[in-house]
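Subject: Handover of a structure and its findings

Dear colleague,

Please find below the structure that I am handing over to you. I would be grateful if you would read the notes after it with the model open.

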Amino acid sequence: MLVKLPEKTYYGGMRFTSFVGLGGAVVLVAAAALTQQFPLRQKTEKLATGPMRVDKVKDGLFVIRGPFVPCGTRGCRPGGADDKLIHEPGDVALRVTSEGAILIDDKYPENVADVLALVKTVTQQPVKFLLNTHHHGDHASGNANIRAMGINIVGHKNIRANFLRIKQPGEPNITFADEGAVYLGGVEVQLMYLGRGHTNGDTVIYFPDLKTVHTGDLIIDAMPVIDYSAGGSAIEFIKTIDNLLKVDFDTMIPGHGRVMNKDDVRAYRNRFAEMNRRARELAHKKVPLNQFQAALKLDDLGWADSVSTSAWVTSLQQYYDEMGR
Ligand SMILES: [Zn+2]
């Protein structure tokens, strides 16, 4: 016999129902994790100025973060946005095997020497492959330096196309369409194309033996940014995160920021869906663009002054248009 519990309501208008057996054991739930309440507000890490560093994630897996600099990811320079925040270029992952190392992303060209120096502090193995999460300069414009060392670069076919479109040197020389994999030293690293979102080439790098993903900018410790010029979409973004949640992982390296877990991804998805719900309502009510951002109430999502908010604002018109369709 099943006892129906009162319906729980979560923000975003989603409702989940749990059924609990008389013995108290959960015998049927939509998904246990879905019944958990996630915080609406993202509590982002407060960054301080500092050099690049390498942190261990799990045995054989490291993340290289920083450098942490004011203004934009390339520091205070003419034309750079000064939002008074500390930024860092994209998180680099390093997978070490007995036959060589695999790098995921490489930051800016001027960061590559420091990335490779940090690699040497944790392994004497040479880097054999570079995998890209997407084409953006703060993640992958170091590619040309890596390619010049004779290292193969694997990326989704849309990543290669985006490199060629914006004439950024260092395009991947090995491509795939839906899924790819690199095998080295008994380790498998998968490349998964789960749909559009931040760009049209977002690739999730999956380390199945470690139940860990590197999501690129699909998930960041800040508000999501949509690059419409590279085929990004806020509507498709949610579907892509839903596909990501079907992957068996417990640990997530984001495009920017600290290592997080699967519940952080669920929470991110829900607050992003809530922003889209508000945006759709506002756009359909034809709230003028100059009132749109304030009316989204980004502060209760933790996104009013995140490190990516100034980048997000540059696509406000396109976001408004997409949500109004
Ligand atoms: Zn990006």
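The notes below describe what was found, beginning with the basis of the values.

The model is predicted, so local features need pLDDT of at least 70 and side-chain atom pairs count only at pLDDT 80 or more, while totals for chains, interfaces and linings use all residues. Residues are numbered from 1 along each chain as its sequence is written, and side-chain values use heavy atoms, with hydrogens and water left out.

Overall picture

The protein has nine helices and 20 strands; these are DSSP runs numbered from the N terminus, with helices (H or I) of at least four residues and strands (E) of at least two. Of its 325 residues, 54% are buried. Here buried means under 20% relative accessible area, exposed over 50%, and partly exposed in between, with a 1.4 Å probe and protein chains only. Among contacts (heavy atoms within 4.5 Å) between residues at least 6 apart in sequence, 62% join residues at least 24 apart.

The zinc site

Which residues coordinate the zinc ion? The donors are His-134 (NE2), His-136 (ND1), His-198 (NE2) and Asp-217 (OD), at 2.1 to 2.2 Å. Donors are N, O and S atoms within 2.8 Å of the metal (3.2 Å for Na, K and Ca), and water is not among the atoms, so sites may look incomplete. Along the chain, the donors follow the spacing H-x1-H-x61-H-x18-D. His-136 lies in the loop between strand E12 (127–131) and helix H2 (137–140), and Asp-217 in the loop between strand E18 (212–214) and H5, so this pair ties together parts that are 81 residues apart in sequence. His-136 is buried, with a relative accessible area of 16%, and Asp-217 is buried at 6%.

The angles among the four donor atoms run from 84 to 170 degrees, and the site is irregular. Four donors count as tetrahedral if all angles lie between 85 and 135 degrees; four count as square planar and six as octahedral if opposite donors are over 155 degrees apart and all others between 65 and 115; anything else is irregular.

Aromatic pairs

Rings of Phe, Tyr and Trp (its six-membered ring) pair if their centres lie within 6.5 Å; planes under 30 degrees apart count as stacked, over 60 as edge-to-face and the rest as tilted. By this rule there are five aromatic pairs. In one of them, the ring centres of Phe-237 and Phe-272 are 4.8 Å apart and the planes are at 70 degrees, so the pair is edge-to-face. Phe-237 belongs to helix H5 (residues 234–245) and Phe-272 to helix H6 (residues 262–284), so the pair ties together parts that are 35 residues apart in sequence. Both Phe-237 and Phe-272 are buried.

The rings of Phe-292 and Tyr-319 have centres 6.0 Å apart and planes at 45 degrees, so that pair is tilted. Because Phe-292 lies in helix H7 (residues 289–295) and Tyr-319 in helix H9 (residues 316–324), the pair ties together parts that are 27 residues apart in sequence. Phe-292 and Tyr-319 are both buried. Ring pairs also link Phe-292, Trp-312, Tyr-319 and Tyr-320 into a cluster.

Salt bridges

A salt bridge is a side-chain nitrogen of Lys or Arg within 4 Å of a carboxyl oxygen of Asp or Glu. By this rule the count is 17. One of them joins Glu-45 and Arg-65 (3.0 Å, N to O). Glu-45 lies in the loop between strand E5 (26–29) and strand E6 (53–58), and Arg-65 in strand E7 (residues 61–65), so the pair ties together parts that are 20 residues apart in sequence. Glu-45 is partly exposed at 28% relative accessibility, whereas Arg-65 is buried at 3%.

Glu-274 and Arg-277 form another salt bridge, with the closest N and O atoms 2.9 Å apart. Both residues lie in helix H6, three residues apart, about one turn of the helix. Glu-274 is buried, with a relative accessible area of 6%, and Arg-277 is partly exposed at 36%. Glu-281 and Lys-285 also meet in a salt bridge (3.8 Å, N to O). A network of salt bridges links Glu-274, Arg-277, Arg-278, Glu-281, Lys-285 and Asp-300.

With kind regards
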